[in-house]
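Trainee: I have not looked at this structure before, and I would like to go through it slowly with you.

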Amino acid sequence: MKIVVIGLGNFGMSLAVNLSNTGNEVIVADHDLEKIEQIKDKVAHAVAIDATNENAYQSLPLKNADLAIIAIGEKNGAAIMSTAIVKKLTKAKIISRSASALEDTILEAMGVDQIIHPEQEYAERFTKKINLKGSIDNFEIDDEHLVSEVEVCKSLVGKTIQESNFRKNFNLNIITIIRKKQHTNLLGRIVEKKEVVGLPTPDMAFQRGDILVVFGKDADIKKYLKNYASSSIN
């Protein structure tokens with residue numbers, strides 16, 4: 001995709017680099033020349049602009065963009081002004097960062113496709129990780145359901161998914177399994193690499209060190225972690 005990212009704070013900078021590293025054509029813009037210099041070799045193109053000046057947007061390929069992300073985080077109205085200008089100049093999908101409830105209301109009125117709150121969303125995700133002691137990582141679907149990475153417990157090792165009756169016993173669905181595999185690198189050293197096994201089949205046996213990616217209710221994941229995490233092994 002061709003993606004325009006406006007605003008190179010910590011969030012915007014990290015987002016732009018990650019989008020570029022995953023194969024997207026990323027064009028970034030910010031008023032800070034130092035940040036432009038820092039990122040210019042990591043993205044397709046970097047432009048210094050005043051995000052509140054409509055004429056400055058002529059240097060951005062907004063008409064040909066698939067996605068425009070306004071990542072400005074300052075509470076000075078710049079994100080709102082930038083969003084309004086971008087909305088006027090492109091039919092691309094627009095994702096805009098909001099710094100307050102008032103900005104949420106304004107952005108909703110503008111009809112942007114998505115409103116994001118990076119700090120709040122990270123805090124909520126990290127809180128969930130802390131509360132689900134023993135989990136490796138989590139992705140919240142709604143207030144009740146989430147996808148979580150959990151270690152396989154000792155009692156399951158050697159059993160197939162069908163033999164363990166996993167779904168019935170734990171009330172969780174296994175989406176996939178992340179498995180550590182050893183291979184020899186160019187220096188002849190044996191190193192471990194994590195690999196996703198794909199869609200697990202009923203006859204797939206659990207192995208020592210498996211990380212199970214499961215979907216279910218918050219309460220059921222907590223129950224699994226409380227009752228079985230103590231018997232998990234690496």
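Predicted model: local features only at pLDDT ≥ 70, side-chain atom pairs only at ≥ 80, totals over all residues.

Trainee: Which strands are the edge strands of the open sheet?

Mentor: Six strands make up the open sheet, paired in parallel and placed in the order S3-S2-S1-S4-S5-S6. An edge strand pairs on one side only, and this holds for strand S3 (45-48) and strand S6 (114-116).

Trainee: What is the bridge partner of Ile 70 in S5?

Mentor: Strand S4, which covers residues 67-70, and strand S5, which covers residues 93-97, pair in the parallel sense over four bridges. Within S5, the partner that Ile 70 bridges to is Ser 96.

Trainee: How far apart are the end C-alpha atoms of helix H1 (residues 10-21)?

Mentor: Helix H1 has 12 residues, and at 1.5 Å a residue they should span 16 Å.

Trainee: Why do the buried residues of H1 line one face of the helix?

Mentor: The buried residues of H1 are Gly 12, Met 13, Ala 16, Val 17, Leu 19 and Ser 20. In an α-helix there are 3.6 residues a turn, so residues three or four places apart point the same way. Seen down the axis of H1, the buried residues line one face because they fall within an arc of 165°.

Trainee: Which exposed residues does the face of H1 turned away from its buried side carry?

Mentor: The buried residues of H1 pack against strand S1 (2-6), strand S2 (25-30), helix H2 (33-39) and S4. On the face turned away from that buried side, the exposed residues are Asn 10 and Asn 21.

Definitions and conventions: Residues numbered from 1 in each chain as written. Heavy atoms only, no water. Pairing = 2+ DSSP bridges. Helix = DSSP H or I, 4+ residues; strand = E, 2+ residues; numbered from the N terminus. Expected span 1.5 Å × (residues − 1). Buried < 20%, exposed > 50% of the residue type's maximum accessible area, 1.4 Å probe, protein only. Arc of directions from axis to C-beta. Contact = heavy atoms within 4.5 Å.
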